[in-house]
Amino acid sequence: MVFDGFNKANGGLSPPEVSSEMRQSDSSREDVGLEDEKEDIKQRENWTGKLDFVLSCIGFAVGLGNIWRFPYLCYASGGGAFLFPYMVFLGVCGLPLFFLETSYGQFASLSPITVWRLCPLFKGIGYGMVIISGIVCVYYNIIITWTFYYLFAAMRATLPWSTCGNSWNTELCTDKAKNASVPDSGNTTAVRTASEEFWEFNVLERSAGLENFGGLRWPLFGCLCLAWFIVFLCLCKGVKSSGKVVYVTATFPYLVLSILLIRGLTLPGAMHGIKWYLVPQWDKLASFKVWGDAATQIFFSVGMAWGSLITLASYNKFSNNVFRDAMIVPCINCFTSVFAGLVIFSVLGFMSDSTGLPIEKVVTQGPGLIFIVYPEAVAKMPISHFWAILFFLMIFTIGLDSQFGMFETMTSAFIDEYPGFLRKKKVLFTAFMCFLEFCIGIPMVYEGGIYLLTLMDWYSSCFSLMLLSLTECLVISWIYGVDRFMKDIKLMIGVRPSPYWKYMWKYITPAIVLFIWTFSLNQLQRVTLDKYRYPDWSIVLGWGFALCSVIPVPICAVVAIYEEKSGTLLQKILKLIQPAASFGPSQAKDKERYLASLDEFDWLRLRAVKAGLDWRTYKHMQTTTNSKMTVEDPLTTTVNMAPYGPLEAETTNLTASGDWLSNRSTHGSSTNGASVANGSNKGESESKC
């Protein structure tokens, strides 16, 4: 650890002596100093129900990838055998990162940008998270737009994707039930299903490529307006409104999946499909690609580095049992993936049986599964309209939940960064952001929009998420300090996490994330869509999407160093990797407990940053005979820096919530601080999670 070399016994810093008269006389100053902070706390929202946070996290983590990617990966990577590496990576990567992000989000009650007061040099990580969420929000709502289109189409007298002979169909269309897609000539590309043609020629009206972008699809434009209007209605009042909506949107998919599974199991051929899905092929575990796919799927499905977990956790009460929630949500997410696979493959088995095609010719992943294969299967069921509407309502609620998390990440990030200007205008700001994202998404409802959407999806989060997550984990473990972080968690939940999490965060999890990043880069190929070859300029644009969320990390670091006016480059860096004086719990009572829990090195960092110095320079000042610290007032500390040449003498005001409270809590012996920490948290112990 960067700071582990600090020796408390040799040159350690104790808080300066403050007389009892000064401590007693300033109880009123404490209230005055905390007044602005208390007012800000009142204005920041919190979850209003006990399950709001858990359901919001489940809704965010359980996304379309659980439906259209995991079942295919499981089938292609050894069936039930794939669950073994999947669960391994859940334990060494998914759970530690989920616990990490929700913990420091809840601790500071801040969104992804402002929370980096814990290490200001790396504030760019927060900007990167917000940029990724902003990009994905744009095209995720396009998927919701397509879902609306199918919902409205399912309300017609006849499902339009179930028959040929429509105005958009070609002479190659077929809707025959048995072996229809295999003509006598043996040319399997000679015909298309009615479902394929509905998707290609009615929903998208797909153009030839990016070079021929085509015109605006007005029906999709109307659905896009509706999609963003619903997002606005659900989020206009922040978590007070979305926290209620998730009770429906997070639970409804499980009801629908259960109904669809029961229906699917009654279809002919269903068990054949489930057999292909779950029967283990242990020999495939010897493949490096299977392990890489399992690690990648865990990383993307749990939702790390999007900023949404930090945002959702920031609305928790300080004492919420974040450890319990961090164990529950990823496990439910993984269960959902397996459960959804049963639903999908029971229907694909039916599809194979009804068409006479082998299962490997039927199974697919991505949008094709949701908008081509599954609708075609539904069209062959009795009361097909009911099943179609039910299925697309489920897709809508799954997409909407994920959209909540990403969009709230954007709005809360800017509101927390500029609270004085934006907090009282949240509804107006939310409307503005919805309109902005809507305008950016309009090109994707053109006839060539699918090409742009595929390009953005291919590159925007292909590797940048892993770099941000890796940096985040290393900064908290090695710079902020994993031991300090575990003390912070103990302040919240009353027990110290077991050493398992310490070693995960410091060593194992960063190594796994680095492995996932390397594997993803190795697997990354030139973007494709069917047989269309993207032009070279579009590849450059795609890498622009990929890099725009990573570039803020070095840019913000350089800007922060440049804005530091005094000290050498090393001194500036050392100062900027210290937690800011304002970092800590938002509530005054929790802030006091936090300050009481600081050890000598934490005090060194806190006093150094309040004095505008790095901790090494500050420590040197304390141990040099020509330099001393004098306390004239509990709220003002004068730092005599004359002996240090170009650095000028500086006076730093210390707020009541900062240094004066710290002096009061740690003066003399640790018994006073221990009573504050333990007395405010009944039942607190050293037992391990």
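Is Gly59 buried or exposed? Gly59 is buried, with a relative accessible area of 4%, where buried means under 20%, exposed over 50% and partly exposed in between, using a 1.4 Å probe and protein chains only.

1. Ground rules. This is a predicted model, in which local features need pLDDT of at least 70 and side-chain atom pairs count only at pLDDT 80 or more, while totals for chains, interfaces and linings use all residues. Residues are numbered from 1 along each chain as its sequence is written, and side-chain values use heavy atoms, with hydrogens and water left out.

2. Confidence. The chain has a mean pLDDT of 83, and 82% of its residues reach 70 or more; pLDDT is the predictor's confidence in each residue, from 0 to 100. Two stretches deserve a careful eye. Over residues 177-189 pLDDT stays under 50, and the model has 14 contacts there beyond four places in sequence. Residues 625-689 also stay under 50, with 142 such contacts. A contact means heavy atoms within 4.5 Å.

3. The annotated site. An unreviewed UniProt entry lists Gly59, Ala61, Val62, Asn66, Ser301, Asn333, Asp401 and Ser402 under "binding site". These residues are spread over 344 residues of sequence, yet they cluster in space, with a largest C-alpha distance of 13.6 Å. Among them, Asp401 is included in the lining of the second largest cavity. Here a cavity is a set of points, on a 1 Å grid over the protein atoms alone, where a 1.4 Å probe fits but cannot get out, and lining residues have an atom within 4 Å of a point. UniProt positions are given in the numbering used here, feature names are shortened, and annotations may be inferred rather than shown by experiment.

4. Gly59 and Ala61 in helix H3. Gly59 lies in helix H3, residues 52-61, and Ala61 lies in helix H3 too; helices are DSSP runs (H or I, at least four residues), numbered from the N terminus. Beyond its neighbours within four places in sequence, Gly59 is in contact with Ala250, Ile398, Asp401 and Ser402. Ala61 counts as buried at 6% relative accessibility. Leaving out residues up to four places away in sequence, Ala61 touches Asn66, Ser301, Val302, Val329 and Asn333.

5. Aromatic pairs. The structure holds 60 aromatic pairs. One of them joins Phe386 and Trp387, edge-to-face at 5.0 Å centre to centre with 70° between the planes. Rings of Phe, Tyr and Trp (its six-membered ring) pair if their centres lie within 6.5 Å; planes under 30 degrees apart count as stacked, over 60 as edge-to-face and the rest as tilted. Phe386 is partly exposed at 43%, whereas Trp387 is buried at 8%. Ring pairs also link a cluster that includes Trp146, Tyr149, Trp168, Phe198 and Phe392.

6. Charges over rings. Lys506 lies over the face of Trp478, 4.4 Å from the ring centre. The charged end of Lys565 sits over the ring of Tyr562, at 5.4 Å from its centre. The criterion is NZ of Lys or CZ of Arg within 6 Å of the ring centre and within 35 degrees of the ring normal.

7. Backbone angles to check. Most residues other than glycine have a negative phi. Ser109, however, has a positive phi of about 55°; Ser109 is in the loop between helix H6 (83-108) and helix H7 (124-153), and is buried at 9% relative accessible area. Glu205 has a phi near 50° and is found in the loop between helix H8 (194-204) and helix H9 (218-235). Glu205 counts as partly exposed, at 33%.

Key
Helix = DSSP H or I, 4+ residues; strand = E, 2+ residues; numbered from the N terminus. 1 Å grid on protein atoms, 1.4 Å probe; cavity = no way out; pocket = protein on both sides within 12 Å on 5 of 7 lines; lining within 4 Å.
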